[in-house]
Amino acid sequence: MDEWTNPFYLIYNLRMENLSMLAQKVLSMLEKDQTKWAEWTQLKDLYPVSESDAVKGFVDIIKQAKKDQDKVIVAGDYDCDGIMATTIMVRGLRKFGIECGFYIPNRIREGYGLNVDTVRLAHQRGYKIIVTVDNGVKASKALSLAKELGMKVIVTDHHTIEEDVNCELLVHPTVMEEQFHTLCGAGVAYECIRALRTDTEYELELACVASIGDVMQVTNQTRAIIQNGLKVLNREKENHLFAFASDRILNETSVGFQIVPKLNAVGRLSNLGNVNNVVRYFLSEDIKEITSMQAQINHINDLRKKMSEQMCKDALKKCHTSQPILFVNDASFHEGIIGLVAGSLSSSYQKPVIVMTNNEQGFKASMRAPDGFDCMEFLKDFSGFQEIGGHKQAAGFSIDLQDLDEFVKYIRQKIQVYSWQAKPLDTLLVNEEDISIASIESLDVMRPFGPGFVCPLFELNDVQIKSVFDIQNGKHRKFTLQSGLQCMNFNQSDLDRDKSVISIAGFIGNVQINQYRGKKQATFIIEKIKYK
């Protein structure tokens, strides 16, 4: 068996006795109907190119643009999905024969999405057509201006449509066939260039990474994109992507933790790097340029990690963790990282968290909350927002400088009457004997896991701890059980650090295989410690 197919998408006879006990338990929990197991345990082929009017319309407009020699500019977004979508669309259009430029706005100076300044500049430079990727459905002012200037706009996006989209053509999962409804922005872009017949395996890999990075539902075409993209990525070891990974064989988890954050870092720290250069990186075929830009992206990500860690420490000093909602305001905090800090604190304390920073224009804030809390519902009655967007577990917003006191008063009062309950962890009880290198590898037959097919957390009870070893002065802790199974508690909380080991009743977490100097080891990654 080739290296890239092992351990991915192993071919099993789908009888229960041919799966490990761990895989049997997981598959039985996620899919009760055994007749549907093949749907989750086989490598899916990509669905045929969309026959929707939207995708056909895209092809028609681009063909006419080529005939008329119209210049096209691709307007992208600064996260992983937006970067990949921009790269995919630019490569596909250029290969088709279109003169094509691109632009992604500065997160801090310009904010999200197509804006009027970009439209004006594109018009001045002779662009006739704008193609948005991973944005556009909320760019009403920019779309109206483009129409006034006589420019055509093709909006390709996957975000929720809340208003009429004033454009020449809308390409969106909701106007495509059902199998495309779970696509991310790069997934939509990929389907567009598939329709132009300018796609290659490289665009498939980019769409795969974007789908993982945007945490899309792992069903239908998105599942096929991730499976086939990982297959190619592990076979080809594509340099633009694989250089950011530490594992030799990648799955959706390692891509999400090793590659995606590095790409997102440049967009977050837009005062330190230009996210458009990341698109140039993925477009480049010059080895020296690629190597140089890899170093720059890694450097910015290292800075991001250091800044995040320091901001988390500073935030903890400024908030009272006994409060039902944690609120921190610090003008020194970097706007691009406050969401990471809020997420970290919310995960550690299982409470809603708001982290805020400010400049001369006003306050920018990010909110994160545990499953069971609804951020948008909690915030909806405050009338002073300049901008707000988000969903149940995350929100971003801005307020005027003079409204801070009123906002703090609002959240303190609202949390006293707001009723919510943390959603219980969905766990699968397992024994230590269930966890081995072979049993963990057997889970690969069901990959990718994610929204729509979430691998449960595993629960170990009555653990017998043989030894404890602290790493980096207690930042991490390794437990070795009597069975020999190693259990890692990364970034442990103060509570876990101070609690007695003899009070531990069990662990809840994930399983993975670690490899060091060519030797594999099954490891239990602790998400929560249960105490007696």
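Let's start with secondary structure: the chain has 18 helices and 17 strands. Helices here are DSSP runs of H or I with at least four residues, strands are runs of E with at least two, and both are numbered from the N terminus. Keep in mind that this is a predicted model, where local features need pLDDT of at least 70, side-chain atom pairs count only at pLDDT 80 or more, and totals for chains, interfaces and linings use all residues. Residues are numbered from 1 along each chain as its sequence is written, and side-chain values use heavy atoms, with hydrogens and water left out.

Now the overall shape. The C-alpha trace spans about 75 × 60 × 45 Å along its principal axes. The radius of gyration is 24 Å, and that agrees with a compact globule of 532 residues, which would be near 24 Å. That radius is taken over C-alpha atoms, and the globule rule is 2.2 Å times the number of residues to the power 0.38.

What share of the 532 residues is buried? Buried residues make up 52%. Buried means under 20% relative accessible area, exposed means over 50%, and partly exposed lies in between, with a 1.4 Å probe and protein chains only.

Next, contacts, meaning heavy atoms within 4.5 Å. Take the contacts with a separation of 6 or more: 65% of them join residues 24 or more positions apart.

On to the record. UniProt, in an unreviewed entry, lists "domain: DDH" at residues 71-202. That stretch is 37% helix and 18% strand, and its end C-alpha atoms are 24 Å apart. The unreviewed entry also lists "domain: RecJ OB" at residues 430-527. There we get 11% helix and 45% strand, with the end C-alpha atoms 15 Å apart. UniProt positions are in the numbering used here, feature names are shortened, and annotations may be inferred rather than shown by experiment.

Look at helix α1, residues 21-30. Its buried residues are Leu22, Ala23, Gln24, Val26 and Leu27. What covers them? The cover includes α2 (37-41), β11 (427-429), α17 (437-442), β12 (457-461) and β16 (504-516).

Last stop: Met356, in strand β7, residues 353-359. Is Met356 buried or exposed? Met356 is buried, with a relative accessible area of 0%. Leave aside its neighbours within four places in sequence, and its contacts include Phe327, Val328, Phe363, Ile399 and Phe407. Thr321 is 35 residues away along the chain, and the C-alpha atoms of Met356 and Thr321 are separated by 16 Å.
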